[in-house]
Amino acid sequence: MRPSSSQLVYVPIGGTGEIGMNFNLYGHAGAWLMVDCGLMVNQDRPSEVILPDPQFIEMHRDELLGIVLTHAHMDHIGALPWLWPRLRVPIYATRFTAAVVSRQLTEHLPEPLLESLTLHI
């Protein structure tokens with residue numbers, strides 16, 4: 001699916017109608033923008049983390065312009081260590097959110113991968 005210049009397409013991958021796992025895509029003029037990349041904790045088994053399925057945007061990775069993070073709660077940024085390496089696009093965030101994300105990714109990703117990260121404030 002490639003959105004045309006006359007369309008604004010919204011694709012809720014996760015978080016819509018539930019608490020946690022926020023992951024939304026907006027498409028326009030052949031490009032996509034991801035808003036948030038969160039996780040959800042299984043309420044029945046708190047040690048189990050649930051991630052959104054990025055299969056759709058992985059198939060359109062060349063059309064993904066970046067990830068916009070709305071704030072630093074884990075249901076909006078928590079899946080980044082697992083999903084960002086599969087997408088490798090710029091991340092846009094406020095100064096505080098960028099600081100939290102930077103620390104989170106530094107703890108989970110190897111240094112060579114971190115060198116390719118572009119984090120805009």
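**Exercise 1. Find the contacts of Gln104 in this predicted model, and state whether Gln104 is buried or exposed.**

Solution. Start with the partners of Gln104. Apart from residues within four places in sequence, Gln104 is in contact with Met74, Ile77, Gly78, Leu80 and Pro81. Then take its relative accessibility, which is 8%. Buried means under 20%, so Gln104 counts as buried.

**Exercise 2. Describe the surroundings of Thr97 and name the residue whose side chain joins Thr97 in a polar contact.**

Solution. First, locate Thr97: it sits in helix α4, which runs over residues 95-108. The relative accessible area of Thr97 is 2%; the cut-off for buried is under 20%, so Thr97 is buried. Third, list the contacts. Not counting residues up to four places away in sequence, Thr97 touches Leu69, His71, Ala72 and Ile77. Last, the polar contact: the side chains of Thr97 and Thr94 are joined by one of 3.1 Å.

**Exercise 3. Where does Gly38 lie, and which residues does Gly38 touch?**

Solution. Gly38 has its place in the loop between β3 and β4. Its relative accessibility is 0%, and Gly38 therefore counts as buried. Leaving out residues up to four places away in sequence, Gly38 touches Met21, Asn22, Pro52, Met74, Asp75, His76, Ile77, Gly78 and Ala79. For a distance, take Leu51: Gly38 and Leu51 are 13 residues apart in sequence, and their C-alpha atoms are 7.2 Å apart in space.

**Exercise 4. For Ala29 and Asp36, decide: buried or partly exposed?**

Solution. Take Ala29 to begin with. Ala29 is found in the loop between β2 and β3 (31-35). Its relative accessible area is 46%, which makes Ala29 partly exposed. Now take Asp36, in the loop between β3 and β4 (40-41). Here the relative accessible area is 3%, so Asp36 is buried. As for the backbone, Ala29 is not a glycine but has a positive phi of about 50°. Asp36, also not a glycine, has a positive phi of about 75°.

**Exercise 5. Work out the positions and contacts of Val11 and Thr16.**

Solution. Val11 lies in strand β1, residues 9-14. With a relative accessibility of 17%, Val11 counts as buried. Neighbours within four places in sequence aside, Val11 is in contact with Phe23, Asn24, Leu25 and Trp32. Arg88 is 77 residues from Val11 along the chain, and the two C-alpha atoms are separated by 20 Å.

Thr16 lies in the loop between β1 and β2 (23-28). Its relative accessibility of 48% makes Thr16 partly exposed. Residues up to four places away not counted, Thr16 touches Tyr10 and Asn24. The side chains of Thr16 and Tyr10 make a polar contact of 3.2 Å. Asn24 is also listed as a contact of Val11.

**Exercise 6. How many helices and strands does the protein chain have, and what is its radius of gyration?**

Solution. Count the elements: five helices and eight strands. In sequence order, the pattern is β-β-β-β-β-α-β-α-α-β-α-α-β. For the radius of gyration, a compact globule of 121 residues would have a value near 14 Å; the protein chain has 14 Å, which agrees. The C-alpha trace spans about 40 × 35 × 25 Å along its principal axes. Of the 121 residues, 45% are buried. Among contacts with a separation of 6 or more, 58% are between residues 24 or more positions apart.

Terms used
Residues are numbered from 1 along each chain as its sequence is written. This is a predicted model: local features need pLDDT of at least 70, side-chain atom pairs count only at pLDDT 80 or more; totals for chains, interfaces and linings use all residues. Side-chain values use heavy atoms; hydrogens and water are left out. Helices (H or I, at least four residues) and strands (E, at least two) are DSSP runs, numbered from the N terminus. The radius of gyration is taken over C-alpha atoms; the globule rule is 2.2 Å times the number of residues to the power 0.38. Buried means under 20% relative accessible area, exposed over 50%, partly exposed in between (1.4 Å probe, protein chains only). Contact means heavy atoms within 4.5 Å. A polar contact is a pair of N or O atoms within 3.5 Å; within protein, one must be able to donate a hydrogen and the other to accept it, and residues adjacent in sequence count only if both atoms are side-chain atoms.
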